[in-house]
Amino acid sequence: MASGEGKKSGEGKKPNANAKGGGKKKEVKKETGLGLSYKKEENFGEWYSEVCVNGEMIEYYDISGCYILRPWTMAVWETMQTFFDAEIKKMKIKNCYFPLFVSPGVLQKEKDHIEGFAPEVAWVTKSGQSDLEVPIAIRPTSETVMYPYYSKWIRGHRDLPLRLNQWCNVVRWEFSHPTPFIRSREFLWQEGHTAFATKEEADKEVLEILELYRRIYEEYLAIPVIKGKKSEMEKFAGGFYTTSVEAFIPNTGRGIQGATSHCLGQNFAKMFDITFENEKGEKAMVWQNSWAYSTRTIGVMVMVHGDDKGLVMPPKVASVQIIVVPVPFKDADTQAIFDACDATVNTLNEAGFRAEADLRDNYSPGWKYSHWEMKGVPLRIEIGPKDLANKQARAVRRDNSAKIDIPIVNLVEQVKDMLDNIQQNLFDVAKQKRDACIKTVRTWDEFIEALGQKKMILAPWCDEMEVEKDVKARTKGETGAAKTLCAPFDQPDLEGVNCFVTGKPAKKWSYWGRSY
């Protein structure tokens, strides 16, 4: 997925790939221009870019690294947002909105933090033709935007906990390999920022939020993730410790950080003077957390489930769960078939499903099948003259192409069972593929061999930063260096186990690998 220029070719292909513009019926019936040019196994990067565009998730924009998120994407984002927003409200977390702009003085207050983000910060330097007296940064994240006001609002123990979240965009001026959803200059996310009187309360929330992130991936996106703690080298800049959910892309042999929940400790409280008077009348510093997930989640979904026909959408997040397609033959009663399609859609929508009919008469049924397969709709229902006569409909699954004839009287319950089954099957298949890529090693030679086989490697290590730096340096290549992904909460036995690099007694098992 090389540079921005390489991607612009996708722009050129797009009109052909979904050439809907009228055209003659004869041309349409050839069903040309709908398939993908690249195969997932053969050229993953180009395949991924093409699926994102042809599946109508994104469109390329004229500024490299920026993407238009189309309705098909926003529907997925809104479904996850609805779930997560309701859950954090149960936890008494409230939504707010802070400005996009940051003054340089505030941004540079926490040195470790800004050093971690400095290369990615975009600056506003002009107003019209005039240079600004002081340049203004655009938020790469909002700790430094929000915490001066936490200092103002928190005075006594009764002001705690302060638990805020905002749904917003952030800008990180990435220059290396922009990739739709995965690495972009602007993206959507939620960011939670909370302050507590005690470390225990902060620790508890970190894990509660991480569990919500696991649920987004596993229950909604049907993607298996591993919960764990980041190494000191990989933790959030300026934070106390970082936990994450880690996914894995078998085709590329790369891990991908799915979402993070950080305990910031008291570091930012020191920098921004966020103190309170406790119940004994003493001055104390707050304990803080921050946590976020972004539109990156959607890219992971495309990578994990997509195939050579296009997107494969898990039913729980699909904008359209069921597409109903009329299949009229010569001399068939087309109107009766269209009426049956409309009635089917109404029945399904009334039962709480998201169903639509594709009644366009300038496309053949075959073209429509390919189009909706490209967009990843979980279930297709076909209604033709025979189905009408037999009071049935044919259902075709997107995930495994299985076909079944359903009596119209049983439609709602059978569709529900099928969608539930598709959701579970997508997770099971993804987990099976991911698990097949996990390799446990105990020596450096085994580690290098597994890395060459694109594995997600579980290895014992001495938890020394110098060792991790050494592994990074020794594995640096064209495809990037290996690093720790996380130390899983579920730890294998350590008794008598030595570090795979130094031979010293191991302090923890960690997942290692190349990553996005």
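Predicted model: local features only at pLDDT ≥ 70, side-chain atom pairs only at ≥ 80, totals over all residues.
1. Numbering starts from 1 along each chain as its sequence is written, and side-chain values use heavy atoms, with hydrogens and water left out.

2. Take helix α3 (residues 44–54) and helix α10 (residues 296–305) to begin with: they pack at about 115°, axes 11 Å apart. Helices here are DSSP runs (H or I, at least four residues), and strands are E runs of at least two. Axes are lines fitted to C-alpha atoms over the stretch in contact, with angles from 0 to 180 degrees between N-to-C directions. On the α3 side the contact uses F44, W47, Y48, V51 and C52, and α10 brings G299, V302 and M303; contact means heavy atoms within 4.5 Å.

3. Strand β9 (residues 226–229) holds I226. I226 counts as buried because its relative accessibility is 10%, and buried means under 20% relative accessible area (1.4 Å probe, protein chains only). Leaving out residues up to four places away in sequence, I226 touches S244, V245, E246, R434, I438, M456, C486, P488 and Y511. E246 sits 20 residues from I226 along the chain, yet their C-alpha atoms are 5.1 Å apart.

Note on methods
Buried < 20%, exposed > 50% of the residue type's maximum accessible area, 1.4 Å probe, protein only.
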